[in-house]
Structures are given as structure tokens and as C-alpha cells.
Amino acid sequence: GTEFLRLLHSRRLVLSEFSLALLLSLARVQRFETRAFDFLRATVLASLRIRDTNKGAHLHLGGDSPERNLDSIILTTVRNSAFGWDHVVQSLVRLGTSLLDA
């Protein structure tokens with residue numbers, strides 16, 4: 001758990017559907033809970049800031065933007081929670097409420 005969080009913080013591990021589900025599962029462990037949610041919240045908020053900054057940009061270089069990619073990663077994880085990924089539902093709800101408070 002500690003190594004996984006360290007890899008995510010150092011950006012050596014890319015956030016994917018699987019790593020997000022793993023991080024949400026890890027967030028259910030009390031000693032990793034705060035660090036996991038802090039990382040997720042900071043990642044989502046940074047993505048939203050980038051999106052707001054790029055809204056006014058007149059030049060678009062194409063390709064998948066990181067914030068759109070994060071949207072699809074989260075949505076895929078939410079969809080997969082209906083197919084046996086039940087262990088992430090509680091953490092997804094908690095992430096959602098913490099983002100509403102932000």
C-alpha cells in the first residue's frame with residue numbers, strides 16, 4: 001500500500017481504471033485512508049483547474065487531454081462497480097462527497 005501510494009505521488013505509475021479501483025480499495029484500509037483520498041481529491045481538483053484554464057485557450061492541439069482521460073477513468077470505474085467491483089462503491093461515494101465539499 002505504501003509503495004503503491006509512493007508510485008502514484010511520484011507519477012511513475014499512471015492512473016488507470018485498475019489503479020483507481022486499487023486506490024479506492026486501499027482507501028478502505030484505515031492507515032491509508034487519508035493519504036489515498038488526499039491524492040484522489042488533489043488529482044481531480046488539478047484536472048478541473050486545467051480544464052478551466054484551457055477553456056479560454058484558442059489553440060487546441062488535439063489528442064486526449066489528461067482531464068478528459070481522468071473523466072473516462074472515473075466513469076469506467078463507476079460502471080465497473082456494478083459488475084463485481086463492489087469494494088470500490090463506498091470509497092467512490094466518499095470521494096464524491098469530499099469533492100462536493102471542495
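These legends accompany several close-up views of a predicted model.

View 1. Welcome to the fold: its secondary structure amounts to five helices and zero strands. Read from the N terminus, the order of elements is α-α-α-α-α. Of the 102 residues in the protein, 29% are buried. If you count contacts with a separation of 6 or more, 61% of them join residues 24 or more positions apart.

**View 2. The largest nonpolar core has 21 residues.** Look for Leu-5, Leu-8, Leu-20, Leu-23, Leu-24 and Leu-40, the members that touch the most other members. At least two core residues come from each of α1 (2-9), α2 (17-26), α3 (30-55), α4 (66-80) and α5 (89-101). The biggest giver is α3, which supplies six residues.

**View 3. Helix α1 has three residues to look for here: Phe-4, Leu-5 and Leu-8, its buried residues.** Down the axis of α1, these buried residues stay within an arc of 95°, so they line one face of the helix. Their cover includes α2 and α3. Just past the end of α1, have a look at Arg-11, whose phi is positive at about 65°.

**View 4. Leu-8 and its partners from beyond the local sequence.** With neighbours within four places in sequence set aside, Leu-8 is in contact with Leu-13, Leu-15, Leu-23 and Phe-39. Two residues in this view, Leu-8 and Leu-23, are also among the core members that touch the most others.

**View 5. Helices α3 and α5 pack against each other at a crossing of roughly 55°.** Two packed helices are described by the angle between their axes and the distance between the axes. Here the axes of α3 and α5 come within 10 Å. On the α3 side, the contact is made by Glu-33, Phe-37, Leu-40, Arg-41, Val-44 and Leu-45. From α5 come Ser-91, Arg-94, Leu-95, Ser-98, Leu-99 and Asp-101.

**View 6. Gln-90 of helix α5 and Ser-25, a pair from separate parts of the sequence.** Gln-90 has a relative accessible area of 54%; because exposed means over 50%, Gln-90 counts as exposed. Along the sequence, Gln-90 and Ser-25 are 65 residues apart. In space, their C-alpha atoms are 9.1 Å apart.

Technical notes:
Residues numbered from 1 in each chain as written. Predicted model: local features only at pLDDT ≥ 70, side-chain atom pairs only at ≥ 80, totals over all residues. Heavy atoms only, no water. Core = buried A, V, L, I, M, F, W, Y, C linked by side-chain atoms within 4.5 Å. Buried < 20%, exposed > 50% of the residue type's maximum accessible area, 1.4 Å probe, protein only. Helix = DSSP H or I, 4+ residues; strand = E, 2+ residues; numbered from the N terminus. Contact = heavy atoms within 4.5 Å. Arc of directions from axis to C-beta. Axes fitted to C-alpha atoms, helices over the stretch in contact; angles between N-to-C directions.
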